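Dear colleague,

I am passing on the structure below, and I would be glad if you could look through it with the notes that follow.

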Amino acid sequence: MDVGDLTDNVVTADANGNLRQRAAIDVAAPSLGFAKLGSGVNFTASGSYFYTGTVLTLGPGKWLVTVNMLLSKSSGTLVATGATETWWVRSGFSNSSTVFATSSDIISTNTLISGLLPSSSYYAMLYGTVIINNTSGANKNYYYWGGNVAGVSPAGTMLNFGGSNWSEDYVTFQKIN
């Protein structure tokens with residue numbers, strides 16, 4: 001294989017040294033939260049999920065989707081969790097913006113992305129990845145939801161979850177086949 005043939009491609013080698021090339025890996029990120037607000041959603045501790053306003057539009061194929069969200073609570077202003085208070089926040093992707101049900105296109109064993117806001121903390125991170133396999137043959141929307149809080153004495157409100165209010169928040173996706 002001529003090095004000139006490798007421009008803008010990813011090259012891998014197997015155990016025998018045989019080279020294989022494919023198109024470069026592109027990573028993309030959608031706009032977060034509701035288009036007009038960008039702030040995501042505020043929610044209280046409950047078993048319910050809440051739509052964040054973030055939507056991924058993925059073409060056919062397998063996609064590695066990575067989520068990083070800041071967890072912070074409020075009771076009018078930013079406050080720390082109590083000495084014995086914790087929030088376990090779950091999030092995931094649905095085929096609907098009106099009802100949460102984990103998309104059946106998620107083929108990784110982990111179907112949810114979760115994080116812990118521990119006691120006596122102002123901030124924590126929710127981070128994880130899922131693999132989505134769009135077999136529809138066309139572009140398809142996947143809607144990002146958060147909530148379904150489990151915890152010890154969670155009080156107040158989760159603030160701006162899933163939006164662009166916090167600089168640490170992002171969702172990225174890259175095609176993996």
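In this predicted model, strand 9 (residues 86-94) and strand 10 run antiparallel and are joined by five bridges, with Trp87 standing opposite Leu117 of strand 10. Strand 10 itself, residues 113-117, has a covered face made up of Ile113, Gly115 and Leu117, while Ser114 and Leu116 belong to its uncovered face. In a regular strand the side chains alternate between the two faces of the sheet.

As for the protein as a whole, it has 14 strands and zero helices, and buried residues account for 39% of its 177 residues. Of the contacts between residues at least 6 apart in sequence, 76% join residues that are at least 24 apart.

The aromatic pairs come to ten in count. One of them is the tilted pair of Phe100 and Trp145, at 5.8 Å centre to centre and with 55 degrees between the planes; this pair links Phe100, in the loop between strand 9 and strand 10, to Trp145 in strand 12 (residues 140-152), 45 residues apart. Phe100 is buried at a relative accessible area of 19%, and Trp145 is likewise buried, at 5%.

Tyr123 and Trp166 form an edge-to-face pair, 6.0 Å centre to centre with 80 degrees between the planes. Because Tyr123 lies in the loop between strand 10 and strand 11 and Trp166 in the loop between strand 13 and strand 14, the pair ties together parts that are 43 residues apart in sequence. Here Tyr123 is partly exposed at 42% relative accessibility, whereas Trp166 is buried at 15%.

Finally, ring pairs link Phe43, Phe50, Phe93, Tyr144 and Phe161 into a cluster.

Methods: Residues numbered from 1 in each chain as written. Predicted model: local features only at pLDDT ≥ 70, side-chain atom pairs only at ≥ 80, totals over all residues. Heavy atoms only, no water. Helix = DSSP H or I, 4+ residues; strand = E, 2+ residues; numbered from the N terminus. Buried < 20%, exposed > 50% of the residue type's maximum accessible area, 1.4 Å probe, protein only. Contact = heavy atoms within 4.5 Å. Pairing = 2+ DSSP bridges. Phe/Tyr/Trp six-rings, centres within 6.5 Å; stacked < 30°, edge-to-face > 60°.
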